[in-house]
Amino acid sequence: MTALKNDLILRTLRGEATERTPVWMMRQAGRYLPEYMALRAKYGFFERCQTPELACEITLQPVDIVGVDAAILFSDILVVPQAMGMEVQLIESKGPLLPEPIHTKKDLERIVVPDVQDRLHYVFDAIRLIKQELNGRVPLIGFAGAPWTLLCYMVQGKGSKTFDEAKAFCYQQPELAHQLLQMITDTTIAYMKEQIAAGADMVQIFDSWGGLLSPEDFETFSLQYIRQIVAALKDLAPTIIFAKGAWFALEEMAATGAHGLGIDWCIKPQLARQFAGDKVTLQGNFDPARLLSPITEIRASVKRMLEAFGPGRHIANLGHGILPNVPVDHARAFVDAVKEFSVQ
Ligand code: CP3
């Protein structure tokens, strides 16, 4: 395999000194890029995920266009529920729809822990192709959804601000919930191991809805499963946990042995560092909506963010995914400002 020409992120995750702060953006391969929209007009969402050549092209777009220090596989967290036997649709301007959500013991009987080589081979094929096409320019990030966040979609059946039905399922039928969470966990471990075997240089676990839980419920329904995933992966590749809104669990997440922890814009970097301790890399935490500011202000706030994190053990990123209405030159200004202002 070709040696990496830019391994800033991997070194930062291992706690090694780097020339500058590395940068990438969550959901960097997406709708703010006209080049993505051109492919989106021609192919369906899961067709893009399932066709290695398309997934590869989309994955490389932000590397070429905005100059980020890592590529993230173009796919979705919902390919895992799909592989476990659920139908998943993506409805234009509405988001994900799972028409037959899980509510009962009988519903759970439809769910399997699949052979990931069989059901998700297209992801591993895409990873191998992307690694070849990247030719060592930057590392490739593999990913999966955290079990709690996947349960949210599998039970609620669609996006939600509160995921109240998913919570009700956990609180009213905890045995079923834990059975499902364990099945997702087992699938995810096998899936991410294969991503790494196919060439992913590091992996990120997205717990987008972790912050909807109380600290106690986060431990019960989310962290104990994330802990199993991190334990299975962390010696194979650097692992980042991004649990949006779950700043209250930074100490416990650091204790999993994950190399990196993502934080959103609702916590000060200094406070996150106090909670997380010195042995983990922090990733974040620019407010994605701030990319809608004029470029001069984006640059000034990036500078302040870098100063707040201080040198080392920081990967600059957004605090959540980039919004579709962000102008490309604003995204590029964010990336350039990190490169320009980072102090080591
Ligand atoms: O980050 C990347 O660029 C890589 C690809 C990626 C996608 N989804 C592509 C995508 C990643 C890492 C994800 C993760 C994902 N998917 C999460 C976790 C991160 C987060 O944002 O909280 C979640 C919750 C999903 C579920 C999902 N997929 C939703 C809610 C939606 C609908 C709208 C949206 O963009 O939020 C999707 C569709 C989706 N996944 C799109 C993309 C580029 C938009 C598809 C389109 O309309 O073209």
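Let's start inside the fold, at isoleucine 226, which sits in helix α12 (residues 215-233). Helices here are DSSP runs of H or I with at least four residues, strands are E runs of at least two, and both are numbered from the N terminus. The model is predicted, so local features need pLDDT of at least 70 and side-chain atom pairs count only at pLDDT 80 or more, while totals for chains, interfaces and linings use all residues. Residues are numbered from 1 along each chain as its sequence is written, and side-chain values use heavy atoms, leaving out hydrogens and water.

Is isoleucine 226 buried or exposed? With 0% relative accessibility, isoleucine 226 counts as buried; the cut-offs are under 20% relative accessible area for buried, over 50% for exposed, and partly exposed in between, with a 1.4 Å probe and protein chains only. Setting aside neighbours within four places in sequence, isoleucine 226 contacts Ala146, Ile205, Asp207 and Ile241, where contact means heavy atoms within 4.5 Å. Threonine 185 is 41 residues away in sequence, yet its C-alpha is 7.7 Å from that of isoleucine 226.

Our next stop is helix α11, which covers residues 174-198. Its 25 residues reach 35 Å from first C-alpha to last, close to the 36 Å expected at 1.5 Å a residue; that expected span is 1.5 Å times one less than the number of residues. Lysine 193 belongs to α11 and is partly exposed, at 39% relative accessible area. Not counting residues up to four places away in sequence, lysine 193 touches Ala232, Leu233 and Leu236. By contrast, tyrosine 36 is 157 residues from lysine 193 in sequence and 28 Å from it in space, C-alpha to C-alpha.

What follows α11? Glycine 199 does, with a positive phi near 135 degrees. The C-alpha of glycine 199 is 6.6 Å from that of lysine 131, although 68 residues separate the two along the chain. Lysine 131 is part of helix α8 (residues 121-134), and its relative accessible area of 10% makes it buried.

A few backbone details deserve a look too. Phenylalanine 163 has a phi near 50 degrees, a positive value in a residue other than glycine. This residue lies in the loop between α9 (147-156) and α10 (164-172) and is buried, with 0% relative accessible area. Arginine 313 also has a positive phi near 50 degrees, and its place is the loop between α15 (295-309) and β9 (314-318). The peptide bond from glycine 284 to asparagine 285 is cis, with omega near -10 degrees, and asparagine 285 is found in strand β8 (residues 281-286).

Now let's step back to the whole chain. The protein holds 16 helices and 9 strands, and its C-alpha atoms fill a box of roughly 55 × 45 × 40 Å along the principal axes. Of the 344 residues, 58% are buried. Among contacts between residues at least 6 apart in sequence, 73% join residues at least 24 apart.
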